[in-house]
Amino acid sequence: MMFSLFETIAIVNGEIQHLALHQQRYIDSLKQFYAKKAVNVHDFAQVIQIQTALEQTQYAPLIRCRIDYNATELQVQYFAYQRKTYRTFQPVICDDIEYGLKYADRTPLAQLLQQKGDCDEIMIIKQGKVTDCTIGNLVFRRGKHWFTPDTPLLAGTQRAKLLAENKIQQCTILLEDIATFDEIRLINALNPL
């Protein structure tokens with residue numbers, strides 16, 4: 001079975017995180033990717049099996065739930081997850097990258113990641129503006145305030161949550177602005193601020 005898109009959801013101590021945001025992105029992605037084709041919309045609350053997730057990951061406190069899907073079917077997998085620390089980011093310029101949906105084929109991102117050198121991750125620069133890294137959105141701290149680029153490749157669920165809570169603000173961040181920040185962090189469904 002071919003699955004073109006996927007969603008990654010965190011399960012923390014048996015609790016699904018930000019389910020409504022993931023469900024909405026899934027629905028929006030189905031509409032955008034499959035346009036007028038008939039689609040079968042699944043309710044993530046019904047397809048995610050907490051007990052199965054816990055058993056398959058030997059009751060890990062943090063579980064990565066991956067839902068691969070196409071217009072009519074989906075596949076759910078569970079993995080124990082250990083957060084990594086990302087301290088260094090290599091800016092990589094790519095003016096033609098498009099990643100507005102969470103595609104299962106991540107070849108363009110994997111190719112860019114090969115340019116990270118000794119850094120932990122890359123920072124994708126598109127037309128002079130900071131976008132994302134290969135596995136999430138970026139946030140930048142200046143003093144006590146956190147900012148996120150207003151030009152993300154993919155508007156992540158963690159980013160949406162933090163913006164709604166006014167914990168981060170959107171702004172244009174140019175390549176030359178990076179040095180003006182005190183700290184950079186990677187955020188995604190499994191890595192909160």
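In which loop is histidine 18 found? In this predicted model, histidine 18 sits in the loop between strand 2 (15–16) and helix 1. The backbone at this position has a positive phi of about 55°, although histidine 18 is not a glycine. Most residues other than glycine have a negative phi. A positive value is also seen at asparagine 166, where phi is near 60° in a residue that is again not glycine; asparagine 166 is placed in the loop between helix 5 and strand 10 (169–171).

Helix 1, which covers residues 19–34, and helix 5, which covers residues 157–164, meet at an angle of about 120°, and their axes lie 10 Å apart. Helix 1 is therefore oblique to helix 5, since angles from 65 to 115 degrees would count as roughly perpendicular and those over 145 as roughly antiparallel. The crossing of the two helices is right-handed. On the side of helix 1, the contact is made by Leu21, His22 and Arg25, while helix 5 contributes Thr157, Ala160 and Lys161. Sorted by class, the residues of this contact comprise two nonpolar, two polar and two charged.

Rolling a probe the size of a water molecule over the atoms shows where empty space is left. The largest pocket holds about 510 Å³ of space, and of the 30 residues that line this pocket, Lys102, Arg106, Ile135, Gly136 and Asn188 are the closest to its centre. Helix 1 and helix 5, described above for their packing, each supply at least two residues of this lining, as do strand 1 (5–12) and strand 3 (62–69). The lining of the largest pocket is divided into 12 nonpolar, 11 polar and seven charged residues.

The second largest pocket contains about 230 Å³ of space. By class, five residues of the lining of the second largest pocket are nonpolar, two are polar and five are charged.

Definitions and conventions. Residues are numbered from 1 along each chain as its sequence is written. This is a predicted model: local features need pLDDT of at least 70, side-chain atom pairs count only at pLDDT 80 or more; totals for chains, interfaces and linings use all residues. Side-chain values use heavy atoms; hydrogens and water are left out. Axes are lines fitted to C-alpha atoms, for helices over the stretch in contact, and angles run from 0 to 180 degrees between N-to-C directions. Helices (H or I, at least four residues) and strands (E, at least two) are DSSP runs, numbered from the N terminus. Angles under 35 degrees count as roughly parallel, over 145 as roughly antiparallel, 65 to 115 as roughly perpendicular and the rest as oblique. A crossing is left-handed if the near helix is turned anticlockwise from the far one by less than a right angle, and right-handed if clockwise. Contact means heavy atoms within 4.5 Å. Ala, Val, Leu, Ile, Met, Phe, Trp, Tyr, Cys and Pro count as nonpolar, Asp, Glu, Lys and Arg as charged, and the others, Gly among them, as polar. On a 1 Å grid over the protein atoms alone, a cavity is a set of points where a 1.4 Å probe fits but cannot get out, and a pocket is an open set with protein on both sides within 12 Å along at least five of seven lines; lining residues have an atom within 4 Å of a point. Grid points are joined across faces, edges and corners, and a volume is the space filled by probe spheres set on the points.
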